[in-house]
Structures are given as C-alpha cells and as structure tokens.
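The following exercises ask the reader to work through one protein structure step by step. Please examine the sequence and the structure before reading each solution.

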Amino acid sequence: MNNPYFEMSLLQYLYSHYKLEGFEEVLHSKRIKPLLKTQVYCSTISKYFRLMNHIDYTQLSLSDREYISIYFTNETDAEQNRNKDQSIKIYQKIIQNIHSRPKGYTEYGYDGHATENVEPRFLSSNCAPNNYITFGLYYTQFDENTEMDEFRNHNIIVKIVNQLQDNDVAVLMFSEVDLYRMASVNI
C-alpha cells in the first residue's frame with residue numbers, strides 16, 4: 001500500500017507539530033531559495049521540507065488501512081480529513097512505529113529513495129537514525145548576492161538543522177550541489 005495524499009497529510013501534521021513554518025520564514029527572510037517544485041500540491045504545505053521516512057503500512061490495522069484508502073483519495077480528501085480524530089490517531093501510530101524501529105541508520109537519496117541498515121560514513125550528510133522522524137531540507141546553497149561568503153546559506157541552514165535536531169528529528173540537507181553530483185555520476 002502506498003498513499004501519497006495520506007503521506008502529504010502526515011507531512012502537514014508534522015509540519016505543524018514541529019513548527020516548521022517558523023524555520024521556513026527564516027529561510028525566506030534570508031533569501032534562501034527552495035529547490036523543490038512550487039507548482040505541486042506538496043508545496044502548499046512546505047516549499048523547503050519533505051518527509052523522508054517511508055511509512056510501513058503493514059504495521060497499521062486493517063481498519064486503519066481501509067480508513068486511509070477511503071478518506072485519502074485526492075487532494076480535497078486530504079484537506080478535509082487531515083484533522084479528523086481518526087487521522088490524528090493514525091499519524092500518532094506511525095510516529096510511534098518510527099520511534100520504535102531498531103537502532104541503525106538509513107541512507108536517503110536526494111530523490112527520496114532509502115537504503116536501510118547502512119553504516120554511516122564520516123562525511124556522509126544523507127544518513128539518519130532509523131528511529132527518528134527525518135525531513136529533507138532542499139535549498140539553494142549558493143547565493144549570487146553574497147559573493148564574499150559563499151557558505152552563507154549553508155551556515156544558516158546548519159543553524160536551523162541543529163535547532164530541529166534537538167527534538168529527536170533528523171534533518172538531511174540537500175542543495176543544488178547534490179544535483180550536480182547526481183548528474184555527474186549519471187553522465
């Protein structure tokens with residue numbers, strides 16, 4: 001089972017829970033541009049953040065899976081049903097399931113794919129603990145307005161990531177540099 005509308009509702013729930021709007025305001029005020037497409041439904045929730053965790057629907061009860069199948073079939077359903085008590089109970093079950101995963105690390109790619117149970121490398125910035133809520137933060141690393149300090153955006157992002165990670169949350173940083181790396185490997 002896979003339900004992108006339910007997953008977007010979960011992102012919206014977590015976005016509110018972790019108060020990501022304040023962090024987005026800082027990013028916007030510092031002129032750090034998002035890298036994600038802004039014409040898609042998910043960007044109405046967040047222009048910078050995406051939930052990286054993959055949901056294990058098999059850990060939910062049959063009635064929960066049926067509820068998701070019935071009430072999360074399109075964007076309108078997702079908006080109407082995201083704050084219902086039953087939806088919130090399912091979000092909390094999923095969060096509990098994520099926090100109860102065995103210790104270890106998952107490596108996430110820029111495109112959202114994940115490889116579980118990896119050994120993190122020293123300089124790898126795309127690994128996160130299996131049992132953490134994990135967000136991807138997609139941003140422009142280089143800013144043409146700040147030629148004297150080419151790491152300005154990166155330093156701002158690191159401050160935000162450090163603040164968020166105080167809450168058993170992992171934040172992976174993805175910039176256009178990652179896109180260049182992926183393109184160079186695929187050529």
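**Exercise 1.** Within what distance do the axes of helix α3 and helix α5 come, and at roughly what angle do they cross?

**Solution.** The model is a predicted one. Step two is to locate the helices: α3 covers residues 62-71 and α5 covers residues 85-99. Their axes come within 11 Å and cross at roughly 120°. Step three is to classify the angle. Angles from 65 to 115 degrees count as roughly perpendicular and those over 145 as roughly antiparallel, so α3 is oblique to α5. The crossing in which α3 passes α5 is left-handed.

Step four is to identify the residues that meet. From α3 these are Asp-64, Tyr-67 and Ile-68, and from α5 they are Gln-86, Ser-87, Ile-90 and Lys-93. By class, the residues of this contact are three nonpolar, two polar and two charged.

**Exercise 2.** Determine how α1 and α5 are arranged, and state which residues make their contact.

**Solution.** The axes of α1 and α5 come within 11 Å, and the crossing angle is roughly 80°. Because of this angle, α1 is roughly perpendicular to α5. On the α1 side, the contact is made by Phe-6, Ser-9, Leu-10, Tyr-13 and Leu-14. On the α5 side, it is made by Ile-88, Ile-90, Tyr-91, Gln-92, Ile-94 and Ile-95. Sorting the residues of the contact of α1 with α5 by class gives nine nonpolar, two polar and no charged.

**Exercise 3.** Describe the largest nonpolar core: which of its residues touch the most other members, and which elements supply it?

**Solution.** The largest nonpolar core has 42 residues, and Phe-6, Leu-14, Phe-135 and Leu-137 touch the most other members. At least two residues of this core come from each of α1 (4-17), α2 (20-29), β1 (49-51), α3, α5, β5 (133-139), α6 (152-164) and β6 (169-175). The largest share, seven residues, is that of α1. Apart from this core lies another, of nine residues, including Leu-36, Tyr-110, Ala-170 and Leu-172.

Leaving aside residues up to four places away in sequence, Leu-14 touches Leu-51, Ile-95, Ile-133 and Phe-135.

**Exercise 4.** Summarise the protein chain as a whole: how many helices and strands does its secondary structure contain, and in what order do the elements run?

**Solution.** The protein chain has seven helices and six strands. From the N terminus on, the order is α-α-β-α-α-α-β-β-β-β-α-β-α. Of its 187 residues, 46% count as buried. Among contacts between residues at least 6 apart in sequence, 69% join residues at least 24 apart.

**Exercise 5.** Where do Lys-19 and Asn-117 lie, and is each buried or exposed?

**Solution.** Lys-19, although not a glycine, has a positive phi of about 55°. Lys-19 lies in the loop between α1 and α2. Its relative accessibility is 61%, and residues over 50% are exposed, so Lys-19 counts as exposed.

The phi of Asn-117 is near 55°, a positive value in a residue other than glycine. Asn-117 is placed in the loop between β3 (114-116) and β4 (127-129). With 61% relative accessibility, Asn-117 counts as exposed.

Note on methods. Residues are numbered from 1 along each chain as its sequence is written. This is a predicted model: local features need pLDDT of at least 70, side-chain atom pairs count only at pLDDT 80 or more; totals for chains, interfaces and linings use all residues. Side-chain values use heavy atoms; hydrogens and water are left out. Axes are lines fitted to C-alpha atoms, for helices over the stretch in contact, and angles run from 0 to 180 degrees between N-to-C directions. Helices (H or I, at least four residues) and strands (E, at least two) are DSSP runs, numbered from the N terminus. Angles under 35 degrees count as roughly parallel, over 145 as roughly antiparallel, 65 to 115 as roughly perpendicular and the rest as oblique. A crossing is left-handed if the near helix is turned anticlockwise from the far one by less than a right angle, and right-handed if clockwise. Contact means heavy atoms within 4.5 Å. Ala, Val, Leu, Ile, Met, Phe, Trp, Tyr, Cys and Pro count as nonpolar, Asp, Glu, Lys and Arg as charged, and the others, Gly among them, as polar. A nonpolar core is a set of buried Ala, Val, Leu, Ile, Met, Phe, Trp, Tyr and Cys residues joined through side-chain atoms within 4.5 Å. Buried means under 20% relative accessible area, exposed over 50%, partly exposed in between (1.4 Å probe, protein chains only).
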